[in-house]
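Keep the 3D view open as you read.

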Amino acid sequence: MRPINNRINTDTLISEIRILRSKQQARHIMVAGGAGFLGSHLCERLLKLGHTVICVDNFSTGLERNISHLRNFKRFSVIKHDVVDPIDIEVDEIYNLACPASPPHYQADPVHTMKTSVFGALNLLELAARTGARIFQASTSEVYGDPLVHPQVEGYWGNVNPFGPRSCYDEGKRSAETLFYDFHQRYDVEIKIARIFNTYGPHMRPDDGRVVSNFVVQALKGQDITIYGDGSQTRSFCFVDDLIEGFLQLMATDPSFTGPVNLGNPGEFTILELAEQVIKLTGSRSKTIHKPLPKDDPQQRRPDISLAQHKLGWQPLVPLSTGLEKTICYFDRLLTVEAHEWVG
Ligand code: NAD
Ligand code: UDP
């Protein structure tokens, strides 16, 4: 009789076959913004699939600690570079994630944010045109602004203020989409555009300023939880692992599918509900306090993901409570390490 531990584990086998297949087509892939929250997860996933990954980042919001564990891979390299300036290396695929995503960070230097979105897209599209690389753009639900159509479908043109504190980000991302469209039409560049809705998880910075990291860090430190406005505004929160799977599936679609396509979790929560969940899951004694609602803060947001379901066969799998538990675990460890470093 075969010993029990010799039995084939089907899951392992399937995953090994997948890795082998993708190794047969191992590619040189640039991840611009690869040291950031999403970018670092993407670099790791691509490396594990057998690809060679070149992380290009100016480290404005990205962190060395997000990618330090990847430096053991011989197929991983890092170039410190600002995408506002042209770059010329040989690549088969480009993911453009370079841009600060948190409102306090993208509003800190709005002119540079606009330049990053527009010149960054232009420079990377020119590289794609020269090398024949397929190129992915991390666009955003912010292209819908403060939406008057709910949930948001890709055909909705949005309700965006071009003259306000969020405009550098929203209009920069809208212009980038236009450049992608033009390079596809004019130069046949293979493009993929994901409109990403609020995503959270490990590798967010404790001082990122976005709502999930703020609430988790405040709850873990026993500080007041800062609700902007009355907390009735809604967001749909996607766990990072689900999103990265969507990136890979979008990038693997037929060249004729150019998007844009919504990627996000359609579960919709008020900011008050999010605060309650974080307090419950951390067991924190923190109280909620209210602060003024930032100008042009969208009132509601939820993706219609029918297109992603149909074209990519993709949908998020991780419920908010599970994703929050993993995120809380990450920040708990990080804050403990930081506290020890501070004392030491
Ligand atoms: P992040 O701020 O953690 O990561 C952005 C990365 O880009 C950082 O490593 C930063 O140093 C780098 N970067 C910024 N400007 C650059 C420049 N000029 N040149 C080179 N590198 C530069 O943000 P994130 O949440 O990981 O977002 C990644 C991308 O996804 C962004 O383009 C963002 O607009 C988009 N996006 C994210 C979300 C989300 O919920 N996380 C939602 C919508 C869109
Ligand atoms: N928000 C909040 N407290 C915070 C940070 C954010 O109430 O400490 C609110 C913010 O006003 C917005 C929502 O949470 O209504 C999501 O904000 P975030 O900055 O995460 O993303 P975005 O507004 O870009 O969707």
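Which residue in β13 is the bridge partner of I227? Before answering, a word on what you are looking at. This is a predicted model, in which local features need pLDDT of at least 70, side-chain atom pairs count only at pLDDT 80 or more, and totals for chains, interfaces and linings use all residues. Residues are numbered from 1 along each chain as its sequence is written, while chains are lettered from A and ligands numbered from 1 in the order in which they are written.

Now the answer: I227 has H290 as its bridge partner in β13. The two strands involved, β8 and β13 (residues 288-291), run parallel and pair over four bridges; strands pair here if DSSP finds at least two bridges between them. Helices (H or I, at least four residues) and strands (E, at least two) are DSSP runs, numbered from the N terminus.

Stay with β8, residues 225-228, and look at its side chains. A residue is called buried if 20 or more other C-beta atoms lie within 10 Å of its own, exposed if 12 or fewer, and partly exposed in between, with C-beta atoms placed from the backbone.

Of the 15 residues around ligand 2, the nearest are R210, V211, N214, T226 and Y228; a residue is near a molecule or strand if its C-beta atom, placed from the backbone, lies within 6 Å of it. Both α7 (211-221) and β8 supply at least two residues of this shell, and β8 gives the most, with three. By class, the shell has seven nonpolar, five polar and three charged residues. In this scheme Ala, Val, Leu, Ile, Met, Phe, Trp, Tyr, Cys and Pro count as nonpolar, Asp, Glu, Lys and Arg as charged, and the others, Gly among them, as polar.

Contact means that the C-beta atoms of two residues, placed from the backbone, lie within 7 Å. I271 is buried because 22 other C-beta atoms lie within 10 Å.

Next, ligand 1. Its surroundings comprise 27 residues, with G33, G36, F37, T61 and G62 the closest. The elements giving two or more residues to this shell are α2 (37-48), α5 (110-131) and β5 (134-140). Among these, α2 gives the most, with three residues. The shell divides into 13 nonpolar, twelve polar and two charged residues.

The peptide bond from H150 to P151 is cis, with omega near -10°, and P151 sits in the loop between β5 and α6 (167-187). Another cis bond joins G259 to P260, with omega near -5°; P260 lies in the loop between α8 (240-251) and β11 (261-263). F59 is not a glycine, yet its phi is positive, near 55°. F59 counts as partly exposed because it has 13 C-beta neighbours inside 10 Å. D188, also not a glycine, has a positive phi of about 65°, and D188 is exposed because 11 other C-beta atoms lie within 10 Å.

Finally, step back to the whole protein, which has eleven helices and 13 strands. Its radius of gyration, 20 Å, is close to the 20 Å that the globule rule gives for 344 residues, so the protein is as compact as a globular protein of that length. The radius is taken over C-alpha atoms, and the rule is 2.2 Å times the number of residues to the power 0.38. Buried residues make up 43% of the 344 residues. Of the contacts with a separation of 6 or more, 81% are between residues 24 or more positions apart.
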